[in-house]
Each structure stands twice: as structure tokens, then as C-alpha cells.
Amino acid sequence: MRVIDLNTVTDAVRALLLDCAFCAGPDLKTKIKEALQKEESPLGKDVLNQIIENQEIALREQIPLCQDTGQVVVFLEVGGEVAFTGDIEAAINAGVRQAYMEGYLRKSVVNCPLIRNNTGDNTPAIIHTRITTGDKLKITVVPKGGGAENMSAVKMFTPAAGEEGIVSFVIDTVRAAGGKACPPLIIGVGIGGNLEKAPLLAKEALIRDLDDESPLPHVRALEERLLAAVNATGIGPMGYGGTVTALAVKVNTYPCHIASLPVAVNLQCHVARHKSMIL
Ligand code: SF4
């Protein structure tokens, strides 16, 4: 059994979150530059150029990519041979607290959805834990802004809806979001599982590398179909009209009940912050 010092976990979460806030991922930077070549609208091109300039300024001056620095989602993959000597969720929240205080990042979490007092340090994070094999701990942080998250959706279809129903739901969700989700988007689609599993699949789809393609041919075909349909909406960068409404659509699937076809659409705006570390 390998014992991981929880101070290491706190330090990792802090470092990942500061990196996320200021530094766009290399795959995102490449996709935005590719989008600039593809975009046909002059206004859309102007927005994409501003996004590139914003990425450069954020990195150079160590200021956030966006004023909404998000609520933190954490995915933990814990090897079965790993042990902790204390409370790992407390260690993660300590890392969140340190990053948001030290980085002067906006604190965006309220204590209760009804009373709505700010917790003051952006805690608690939303933590998803999966037990795997081996003696490693993988930590992925996903600070998620409210704009794109608010425009996301989940629906419990029956199987009769089929692929046509799924495509219509995704397109309706993107159309309803318009510019509010700050496109160009990355769209995570979760299909299958049940009421709680489908949104989790959609969120996990958002942390796939932007060049990653589903290894399942029928799912890959759906990803391509959805991306073409979303870009045909004409919403464009930041909703000003154009040919690039989404940079990528990622579809994750899971077995489900014979009577069900759960579908979740998690919209991710163009800042697309997520970073991982293996301890
Ligand atoms: S949706 Fe994204 S880009 Fe838009 S305000 Fe929120 S975090 Fe910022």
C-alpha cells in the first residue's frame, strides 16, 4: 500500500487551478487557431482573434482567462493500492481555498442554493471519485463557469426517440443557449446510464482531449454529425453569427435500462479549463 501525503494533494489542486485560470490548454489554443481559418464571418473572425489575444494576455500577465473563474469540479481516480492518512476531500478543498485566495480568483460559490451567502473561498468543490487499480492518484480539476453550465440540459427519452431525438435535443439546447454559453463551444454529450449517470458522462466527455475521437465507429459518426449540425446553426463565435459555433462534440456512452434513453448535454464555453496531474 502506498500512502500519499495529503499536503501533496492540496499542493497539486492549488497548482492545477492556478494553471487553469491563467493558461489555456495547448489543444484549445490549436483548435481556436484552426477555427480562425475556418470561420467565414468577419465578425466571427474578429471574436476569435480577441480570444487568442485574451489567452496571450492572461498567460503573460497571470490574470484570469475569464472573470467567472468557476465552481470547481474534481475527478479523482484512486488506485486500489493507495491510502490516505486523513480526509482527502478536506485536502482538496484546502487546495481550492489557497488557489482562489492567492490567485485573486472570483469566489463564485454560495453556501445554500436558497439562502445564497457566498462561502468566501470558492469551496466546496464538487468531487467525483472512482476507484481504479494500481498505486497512483490522478486528479483532474474542471473550474466550470455559470454561463455555459446554466444552458446545459438533461432529458429522459424513451428508446423510440432514437438518434434523431438525440440530435434534435442537442441542437435545441445549443440554439436555446445562443451566445449565453460563450461559444465557440465544446459540447459534452452523455448518452445512457440513468438520471445521474448521463450528466456525469457529459461532464467527463468535456475533459477528453479536443483531438480525441470516440473509438466506437457509430459514436464517432454521431460526434461528426452533431458537430456539423451545431455549426450549421449559424450562431457563431460569442453568438455574433458565423460558421464556427462549436470546436468539438464529444459523446460518451454507457449501458442503460431497456425502457430508457437518458441524454445529457453539457455545454463548455471557449475557456474550456481543465488540467490533470498524476501523483
Ligand atoms: S460561460 Fe465561460 S467565457 Fe462565458 S462568462 Fe462563463 S466562464 Fe466566462
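How many Å separate the centres of domain 1 and domain 2, taken over C-alpha atoms? The separation is 26 Å. The protein is divided into domain 1 (2–20 + 65–144) and domain 2 (147–272), with bounds that come from an automatic or database domain assignment. Nine residues from domain 1 and twelve residues from domain 2 make the contact, where contact means heavy atoms within 4.5 Å.

This is a predicted model, in which local features need pLDDT of at least 70 and side-chain atom pairs count only at pLDDT 80 or more, while totals for chains, interfaces and linings use all residues. Residues are numbered from 1 along each chain as its sequence is written, and side-chain values use heavy atoms, with hydrogens and water left out.

Around the ligand are Cys66, Gln67, Asp68, Gly145, Gly147, Ala148, Cys182, Cys269, His270 and Arg273; a residue is near a molecule if one of its heavy atoms lies within 4 Å of it. Domain 1 and domain 2 each supply at least three residues to this shell. By class the shell has four nonpolar, four polar and two charged residues. Ala, Val, Leu, Ile, Met, Phe, Trp, Tyr, Cys and Pro count as nonpolar, Asp, Glu, Lys and Arg as charged, and the others, Gly among them, as polar.

Helices (H or I, at least four residues) and strands (E, at least two) are DSSP runs, numbered from the N terminus.

Next come the helix pairs. Helix H1 (residues 6–22) packs on helix H4 (residues 88–102) at an angle of about 40°, with the axes 7 Å apart. Axes are lines fitted to C-alpha atoms, for helices over the stretch in contact, and angles run from 0 to 180 degrees between N-to-C directions. H1 is therefore oblique to H4: angles under 35 degrees count as roughly parallel, over 145 as roughly antiparallel, 65 to 115 as roughly perpendicular and the rest as oblique. The contact of H1 with H4 has twelve nonpolar, three polar and two charged residues.

Helix H6 (residues 162–177) and helix H8 (residues 217–231) also pack at an angle of about 40°, with their axes 10 Å apart, and so are oblique to each other. Their contact is made by Glu163, Glu164, Val167, Val170, Ile171 and Val174 of H6 and Leu222, Arg225, Leu226, Ala229 and Val230 of H8. By class, this contact of H6 with H8 has eight nonpolar, no polar and three charged residues.

In the pair of helix H2 (residues 26–38) and helix H3 (residues 42–61), the axes come within 9 Å and cross at roughly 155°. H2 and H3 are therefore roughly antiparallel to each other. Residues of H2 including Leu28, Ile32 and Leu36 meet residues of H3 including Leu48, Ile52 and Leu59. The contact of H2 with H3 divides into eight nonpolar, three polar and three charged residues.
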